[in-house]
Amino acid sequence: MSSQALWFATRAAGAVSLLLLTAVVVMGQLARLRVQSAGWPRFLTVDLHRNLALLSLVFLAIHIVTAVVDPFTSLGVAPVVLPFGSSYRRFWLGLGTVAFELIVALIATSLLRARVGFRVWRAIHWLAYAAWPIAVVHGLGTGTDSTSAWMLGVTGVCVAAVAVVTLWRLLSAPLDPLRNVRRFAAQRHRVSGS
């Protein structure tokens, strides 16, 4: 495969990864908001969220593998697992490695959710709020198309989508942060019959 083909593949897979990871974040927020309608039941939101996460991992793998084997960057395998271990665009690639490792932790714990337990899964799932913006900054800093109009447009749409759904979620949250804790305690009390 030519160096130019690898370069195009890396760029394309990176852009598709950004779109998919944005969709994963948006769908995760919508699932958490319990968004549903007669034509779009909640289980579709949850299943779509999970399947998009797995698909994003495929494109992320393509993005990483093509960047590693591209002779222009001469990355090698170490920067894939060792953040900030590359001599080529050290900081920006390091951010990509951090985002990748956070995403792998999210997906691994999601696949093992029954084994790790809900609390551990939930705690690790909060890493999504760090992984996505780190990945966006990685793309802005190292992407060869990051300043092109089309990529700035794609990035802007992704940032806007996540901002809107996050704002919606924050505005939909109860004013009393302990409301859910008290409701859960009351449900446990009713179930235990005490």
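Me: Contact here means heavy atoms within 4.5 Å. Among contacts in the protein chain of this predicted model between residues at least 6 apart in sequence, what percentage join residues at least 24 apart?

Reply: The structure is a predicted model, and its protein chain is built from 9 helices and 0 strands. When contacts are taken between residues at least 6 apart in sequence, the share that joins residues at least 24 apart is 61%.

Me: Which residues does Trp 132 touch, not counting residues up to four places away in sequence?

Reply: Trp 132 is one of the residues that touch the most other members of the largest nonpolar core. When residues up to four places away in sequence are not counted, Trp 132 touches Leu 18, Leu 21, Thr 22, Val 25, Cys 158, Val 159 and Val 162.

Me: Is Met 27 buried or exposed?

Reply: Met 27 lies in helix 1, and its C-alpha atom is separated by 7.4 Å from that of Leu 48, a residue 21 residues apart from Met 27 along the chain. Because its relative accessible area is 10%, and buried means under 20%, Met 27 counts as buried.

Me: How is helix 4 directed relative to helix 7: roughly parallel or roughly antiparallel?

Reply: Helix 4 and helix 7 pack at an angle of about 150°, with their axes 8 Å apart. Since angles over 145 degrees count as roughly antiparallel, helix 4 is, relative to helix 7, roughly antiparallel.

Me: How many nonpolar residues does the contact of helix 4 with helix 7 have?

Reply: The crossing of these two helices is left-handed. Residues including Trp 92, Gly 96 and Ile 103 of helix 4 make the contact with residues of helix 7 that include Ala 131, His 138 and Thr 142. By class, the contact of helix 4 with helix 7 has no charged residues and 4 polar ones, while the number of nonpolar residues is 14.

Me: Which residues in helix 6 does helix 4 meet?

Reply: Helix 4 (residues 90–111) and helix 6 (residues 118–125) pack at an angle of about 160°, with their axes 9 Å apart. This angle makes helix 4 roughly antiparallel to helix 6, and helix 4 passes helix 6 in a left-handed crossing. From helix 4, Ala 105, Leu 106, Thr 109 and Ser 110 take part, and in helix 6 they meet Trp 121, Ile 124 and His 125.

Me: What is the phi of Phe 84?

Reply: Phe 84 is found in the loop between helix 3 (78–81) and helix 4, where it is partly exposed, with a relative accessible area of 33%. Most residues other than glycine have a negative phi. Phe 84, although it is not a glycine, has a positive phi of about 60°.

Technical notes: Residues numbered from 1 in each chain as written. Predicted model: local features only at pLDDT ≥ 70, side-chain atom pairs only at ≥ 80, totals over all residues. Heavy atoms only, no water. Axes fitted to C-alpha atoms, helices over the stretch in contact; angles between N-to-C directions. Helix = DSSP H or I, 4+ residues; strand = E, 2+ residues; numbered from the N terminus. Parallel < 35°, antiparallel > 145°, perpendicular 65-115°, else oblique. Left-handed = near helix turned anticlockwise from the far one by under 90°. Core = buried A, V, L, I, M, F, W, Y, C linked by side-chain atoms within 4.5 Å. Buried < 20%, exposed > 50% of the residue type's maximum accessible area, 1.4 Å probe, protein only. Nonpolar A, V, L, I, M, F, W, Y, C, P; charged D, E, K, R; others polar.
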